[in-house]
Amino acid sequence: MASATRRPRSATHALMRAAPAPLTLTGLAQAARVHPSTVSRLVALGLVEPHGGTTSAPLFERRDAVLVARAMRLRRDLGLNYAGAVLASELLSRIEDLEQRLGAAAPSHNRQEVIAWTRTGSR
């Protein structure tokens with residue numbers, strides 16, 4: 001009877017892959033390769049928000065590490081301050097979302113025309 005209530009092994013593994021464990025602030029900092037105080041500063045600026053945990057021990061999603069790393073690359077490569085890096089990172093994320101929507105909505109031949117038209121210096 002106990003075996004009827006247990007999930008098959010493959011279903012358990014699929015759930016584990018579908019919902020990765022959240023990251024602590026320190027874990028997020030390690031994943032993004034920055035200091036935890038930098039992550040705290042970016043949280044204060046609104047780049048990433050905790051998705052659980054407590055005020056003293058917030059939890060973050062794994063994809064937040066990508067946002068933090070991007071903001072820090074913008075800061076390093078373009079010489080932006082923290083607020084500028086956050087703003088640029090948010091704008092880049094919006095652009096990616098819009099490109100995905102455009103790609104899903106437009107037929108493939110129109111997409112190629114748009115991409116060719118928006119490229120600079122290709123001729």
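Accessible areas here come from the Shrake-Rupley method with a 1.4 Å probe, and for residues only the protein chains shown count as cover. On that basis the accessible surface of the chain comes to about 9300 Å², of which 56% belongs to carbon and sulfur atoms. This is a predicted model, in which local features need pLDDT of at least 70 and side-chain atom pairs count only at pLDDT 80 or more, while totals for chains, interfaces and linings use all residues. Residues are numbered from 1 along each chain as its sequence is written, and side-chain values use heavy atoms, with hydrogens and water left out.

**Overall layout**

- The chain has seven helices and two strands, where helices (H or I, at least four residues) and strands (E, at least two) are DSSP runs numbered from the N terminus.
- Read along the sequence, these elements follow the pattern α-α-β-α-α-β-α-α-α.
- Of the 123 residues in the chain, 24% are buried; buried means under 20% relative accessible area, exposed means over 50%, and partly exposed lies in between (1.4 Å probe, protein chains only).
- Among the contacts in the chain with a separation of 6 or more, 47% are between residues 24 or more positions apart, a contact being heavy atoms within 4.5 Å.

**The largest nonpolar core**

- A nonpolar core is a set of buried Ala, Val, Leu, Ile, Met, Phe, Trp, Tyr and Cys residues joined through side-chain atoms within 4.5 Å.
- The largest such core holds 21 residues, and L28, V34, V39, L42 and V68 are the ones that touch the most other members.
- Helix 3 (25–32), helix 4 (36–44), helix 5 and helix 6 (82–105) each supply at least two residues of this core, and the largest share, six residues, comes from helix 5.
- When residues up to four places away in sequence are not counted, V34 touches A29, V39, V68 and M72.

- Helix 3 and helix 4 pack at an angle of about 105 degrees with their axes 8 Å apart, the axes being lines fitted to C-alpha atoms, for helices over the stretch in contact, with angles that run from 0 to 180 degrees between N-to-C directions.
- Helix 3 and helix 4 are therefore roughly perpendicular to each other, on a scale where angles under 35 degrees count as roughly parallel, over 145 as roughly antiparallel, 65 to 115 as roughly perpendicular and the rest as oblique.
- At the meeting of these two helices, L25, L28 and A29 in helix 3 are in contact with P36, V39 and S40 in helix 4.
- R33 lies in the loop between helix 3 and helix 4 and counts as exposed at 77% relative accessibility; although R33 is not a glycine, its phi is positive, at about 60 degrees.
- T38 lies in helix 4 and is buried, with a relative accessibility of 12%; leaving out residues up to four places away in sequence, T38 touches M72 and Y82.

- R70 has its place in helix 5 (residues 64–78) and is buried, with a relative accessible area of 12%.
- The side chain of R70 makes a polar contact with the side chain of E96 at 2.6 Å; a polar contact is a pair of N or O atoms within 3.5 Å, where within protein one must be able to donate a hydrogen and the other to accept it, and residues adjacent in sequence count only if both atoms are side-chain atoms.
- Apart from its neighbours within four places in sequence, R70 is in contact with S89, L92, S93 and E96.
- S89 belongs to helix 6 and is buried, with a relative accessible area of 0%.
- Again leaving aside neighbours within four places in sequence, S89 is in contact with L47, L67, R70, A71 and L74, and S89 and M72, 17 residues apart in sequence, are 9.2 Å apart in space, C-alpha to C-alpha.

- L47 is found in the loop between helix 4 and strand 2 (59–60), and at 9% relative accessibility L47 counts as buried.
- Not counting residues up to four places away in sequence, L47 touches L42, L67, V68, A71, V86, S89 and E90.
- L47 and A83 are 36 residues apart in sequence and 9.3 Å apart in space, C-alpha to C-alpha.
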